[in-house]
Number of protein chains: 2
Amino acid sequence: MYGEIIAIGDELLSGKVINTTSSFAARKLVESGYEIKRISIIGDNPKDIKHSLLTAINRSKFVIITGGLGPTSDDITNEVVADALGLKLVLNQDIFNRIIEVEKRLGLKHSKMREKLAWLPEGAQVLNPKGSAAGYLLIYQDIPLFFLPGVPEQLKDHMINQVLPRLNKLIATRLVVKQHLFRTFGLQETDINEMFFDLERSSELLTIGYYPNFPEVHVTITVKGQDKSLVEEVFDNGCKEIKKILGDAIIAEGKDTLESVLGDLLIKKDAQLSVAESCTGGLIAKRITSVSGASNWFDRSVVTYSNKAKEEILGVSTKTLEKYGAVSKQCCYEMVSTSAFKTQYALAVTGIAGPTGGSKEKPVGTVFIGLKTPEKTVVERFWFPGSRIKVQQLTAETALDWLRRHLLNGSYIPGYRPAQ
Amino acid sequence: MYGEIIAIGDELLSGKVINTTSSFAARKLVESGYEIKRISIIGDNPKDIKHSLLTAINRSKFVIITGGLGPTSDDITNEVVADALGLKLVLNQDIFNRIIEVEKRLGLKHSKMREKLAWLPEGAQVLNPKGSAAGYLLIYQDIPLFFLPGVPEQLKDHMINQVLPRLNKLIATRLVVKQHLFRTFGLQETDINEMFFDLERSSELLTIGYYPNFPEVHVTITVKGQDKSLVEEVFDNGCKEIKKILGDAIIAEGKDTLESVLGDLLIKKDAQLSVAESCTGGLIAKRITSVSGASNWFDRSVVTYSNKAKEEILGVSTKTLEKYGAVSKQCCYEMVSTSAFKTQYALAVTGIAGPTGGSKEKPVGTVFIGLKTPEKTVVERFWFPGSRIKVQQLTAETALDWLRRHLLNGSYIPGYRPAQ
């Protein structure tokens, strides 16, 4: 059931373009029960393409080849494939007609470069004769070879609608795969790894993956096997165990995010949120408004970068700013409890994201976060390590997660608090 | 001069994590005059790691191997490398001491898992003995093998500060490479491609690259050759030509970004900016505050997501909201000219990012952008195609770019304006 992926393109090999297409193809194949043994990136070079293709055919049950199908001079996949496999290039009448039609419609002269798209290795089955990209399937010595466009959107469409249905008929996987994602915040990758020592060894079918996705760590459970009911049992037990072990370090599951979970909790309470941001500079608002429908629970945010803005918009007193400074418990308290916010819940953050602005008493990374609820208003001091962007990300995540935890269990203790 | 890169990790092979580290490493190597023939991704599998390493040593002048150096159970690179090359694993005292020190500081028990980090194949030269990641160089049969951490930030640091200086001593490239990046906004990739038809053919040494980086298109010029003065001449002429062709579609060059360029222009005028955001939900503020020192030119931003917030914070009149709605020229005008903003310059955006909320008169993607300068206040209507996130990105980019163009040439005509 092992397959492999070959991505062709100088732009991938020189690192100018990140190879997202192979990742997408691999993910879809793995989710469907196939395994990928190798992903190779090679340049627009006939010798390398030929060698990689023949090696892959030799050791794999199927091969996905992406890129090099376009009309420009560096697109050489079709010629090289024909040469490598000893096949003729044949004119595909459907594609040829489509090219002529497009040329007519746009009033273009016939171009040999465009016509190249219609010359495919003999035996090639065009995957989507009505589409604009000429991906095709070639079965060579019983090995299915899928040649796909390298353009991300076209590749995605081909993978889902053309490749997987055909591959399923050619190579039934018989493997049942169940997978789930847990997003966590506040634990280190190694801590999590140690927590799962026993679970990882509890079944041959089960794999736990750990993926730092700053400032979160994502944990996946994958259960694979031939027996559907066994796979489901191991999967259900595994998920239960993971939830027990990680507890409220799990901020969201599956397609949910911290901000979407927070929104659902606020909607349940029929409550709304306002945010005052200083050092995060809009990051909290931006994350919140990435959720469609956020207007149901998000009222407003102010990014009061200057002291004047804190005074004028939020009513922070000049005295507080003079006596304690903008990065202080007092200022944060006044920010979050401002009369400018009429919502039941509010968050405020003020801190030193760096790289400059730190002092002995308040080093770079010092951040105050304030939380207002219908019951009370609290401010906590934090210290976050890392670059400007990391401090901003940790601040935003902590503020949103603090409110999430409060809504869940009523506690006023923030989850994440590195040594000060 | 050919090298290759091997990235190890099940999470890369299953497509869960996109392999950005190999792209980064490849880009840095290419910029330094080396060529990369192949990038391979393989899983945490001893047989595959061994086979890939030995094949690479056989055909390449140097090899970069990333991943599998961590403390967790799936990190097996060191053992497999020692086995593949017939070397012993030896305790590295420096790394061991550092682990003990960290364990003491954090009050942790000694862990064999962490200690694993200190056991390296004999002959390994630790690249950065003072750092926390144990990347190392092993010279095997005269081929430099660099083993690097897979964590993106650690890899980047190692590539720039450790690998390239050492590789330069081991394998001098003799190739002179000059490269420059132009960030553009408002032109399509294919349009740009056509504009450079002649320039691309003007010299064998010169390559132009096109990289869509939504909503921008990045254009790079790379000039490579053995003759330094010829390379410089072709490079200088190429850059001049690119600037002439692209004109003010170039929003930033090199390491600059649209927001950093905008900041520099405002600082020159000793002016400050305020922003009122509705549909972008904080994205404009977030982009601005990603620039260190933004507090010199950025005063405040309000994210007025609800109508109430628009009234209360910005003083938009109830009448305007009732008569014209929040997404209207009138509302945008009142937002940008609010008395809550005391700065010389202000931007306001209000629109329908979607996926819901559109109407026949104001379809999804309809956005009003307002620009206030010391001379006058103008509002323009735009229509941006695409998903919620794309509409938000196009809105933020257009607003920032509009102000940039105004500061540069005094015009009130926004650069980018898709058909309405």
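Student: Which residue of chain B comes closest to the rotation axis?

Tutor: This is a predicted model. In it, Val302(B) comes closest to the axis among the residues of chain B, with its C-alpha at 1.3 Å.

Student: What rotation and shift superpose chain B on chain A?

Tutor: The rotation is 180 degrees, and the shift along the axis is 1.7 Å. The RMSD is 2.1 Å. That is how a two-fold axis relates its copies. The same surface serves both copies, since 96% of the contact residues of chain B recur in chain A.

Student: What stands opposite Val302(A)?

Tutor: Val302(B), in β14(B). Look at the strands there. Strand β14 of chain A, residues 298–304, is joined to β14(B) by five bridges. The two run antiparallel.

Student: How many residues of chain B are in contact with chain A?

Tutor: 51 residues of chain B, which meet 52 residues of chain A. Several elements of chain B give two or more residues to this side, among them α2 (20–31), β2 (35–42), β10 (206–213) and β14 (298–304). The residues on this side of chain B divide into 23 nonpolar, 17 polar and 11 charged.

Student: Now Phe368(A). Is Phe368(A) buried or exposed?

Tutor: Count the C-beta atoms around the residue; 20 or more others within 10 Å make it buried. Phe368(A) has 26, so it is buried.

Student: Where is Phe368(A) placed, and which residues does Phe368(A) touch?

Tutor: Phe368(A) is in strand β16 of chain A, residues 366–372. Leaving out residues up to four places away in sequence, its contacts include Val327(A), Cys332(A), Thr350(A) and Arg381(A). From Phe368(A) to Val303(A), 65 residues apart along the chain, the C-alpha separation is 15 Å.

Note on methods:
Residues numbered from 1 in each chain as written. Chains lettered and ligands numbered in written order. Predicted model: local features only at pLDDT ≥ 70, side-chain atom pairs only at ≥ 80, totals over all residues. Contact = placed C-beta atoms within 7 Å. Helix = DSSP H or I, 4+ residues; strand = E, 2+ residues; numbered from the N terminus. Nonpolar A, V, L, I, M, F, W, Y, C, P; charged D, E, K, R; others polar. Pairing = 2+ DSSP bridges. Buried ≥ 20, exposed ≤ 12 C-beta atoms within 10 Å, placed from the backbone. Least-squares fit on C-alpha atoms with pLDDT ≥ 70 in both.
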